[in-house]
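Please open the model in a viewer with its sequence alongside. The tour moves from one selection to the next.

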Amino acid sequence: MTEQEDKHLAVGIRSTAMYLPEQRITSAEISALSGVPQSVVETKLGIMQKPIPGLEDHPCEMGIRAAKLAIERAGIDPMDIDVVIYIGEEYKEYPVWTAALKLQEEIGARNAWGFDAALRCGTTIMALKLAKHLMQGDDRIRHVLLAGGYRNGDLIDYRNPRTRFMFNLGAGGGAILLQKGAGMNVVLETSLKTDGAFSEDVIVSAGGTKQPVTMEILAAGGPYFDVPDPEGMKRRLEEKSMANFLEVVRTSVRDSGYRVEDIDFIGILHMKKSAHDYVLEQLGLTSEQTVYLDHYGHIGQFDPILCLELGIAEGKIRPGSVVVLVSAGIGYAWGAVTIKWGDKA
């Protein structure tokens, strides 16, 4: 492939946007709901506060708001968008519903076709890989919009200690507009890893075909997330999770033609502070090369977009920066993508 063809086929980030609800829940309020000391919520779980949805903050609707802002920032006509990929959660306005089509209609992308994609909190990373190869494999596709919303915090029972590690779930929407041949903010290589041995470790046990929702479940405020075997999951995750985080980062960077030492900024999904610091230490990076989302919590697959926007706002991402975004999703999935920020790779 010639240099000109490389430039023609390179997929870059034209714009991003986040929508965050105004309403917040604080560490003190989480402590009161859960019985976990406020100091533990703040220092161990890494939550000072997080956004929670208002009455109109539905998942697809939050994605629509973020998408409209991303389109405005890009300065393009929505009719120029070729594909819309909904990257929000399956928990949304209606069950058995293709949210991409609603989002497509509301933003005016009537020349596009759309579909939903899901890999839990790894969806954005996965969808960047999917969209890139879709664009490079079809000459007719020049603009792809990734957008969606997240409010899985609705599914958390703060009285359940088995889901304490998910007390950070917040709410929000995000969008990324990709352009082929843009010559800017080039999406390089993505590394993904999944392990189905964890597929039923974190579930919403009611609401599917195995256990329909009953009046008793509704009366108890559910259905909620649960962890049937918390000790077993914890033991197995400790054996694999951090190693897989590091593996996907190193593989993505290597396959993109760089070394770990070349990383200028890493955006890590929200996790407990000790795990966040461990990832940095193992990669030889510092707190000045990342952001920690203790005032946002975990907004699912939109943490990477939020990290990217905060990194730019804080001057940690500049033209020429080698940026890595890394996330993970229950099930379990790990993913990382390398981006060369600025004019070209």
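Select Ala 147 and Ala 175: the latter, in β7, is the bridge partner of the former. The model is predicted: local features need pLDDT of at least 70 and side-chain atom pairs count only at pLDDT 80 or more, while totals for chains, interfaces and linings use all residues. Residues are numbered from 1 along each chain as its sequence is written, and side-chain values use heavy atoms, leaving out hydrogens and water.

Strands are DSSP runs of E with at least two residues, and helices are runs of H or I with at least four, numbered from the N terminus. Two strands pair if DSSP finds at least two bridges between them.

Next, select β1 (residues 11–19), also antiparallel to β7 and linked by 8 bridges. Here Tyr 19 has Gly 173 of β7 as its bridge partner.

Move on to Val 213, in the loop between β9 (203–204) and α7 (215–219). Val 213 is partly exposed, at 38% relative accessibility.

Finally, select Asp 229, in the loop between β10 (225–226) and α8 (230–255). Its relative accessible area is 40%, so Asp 229 is partly exposed.

Key: Buried means under 20% relative accessible area, exposed over 50%, partly exposed in between (1.4 Å probe, protein chains only).
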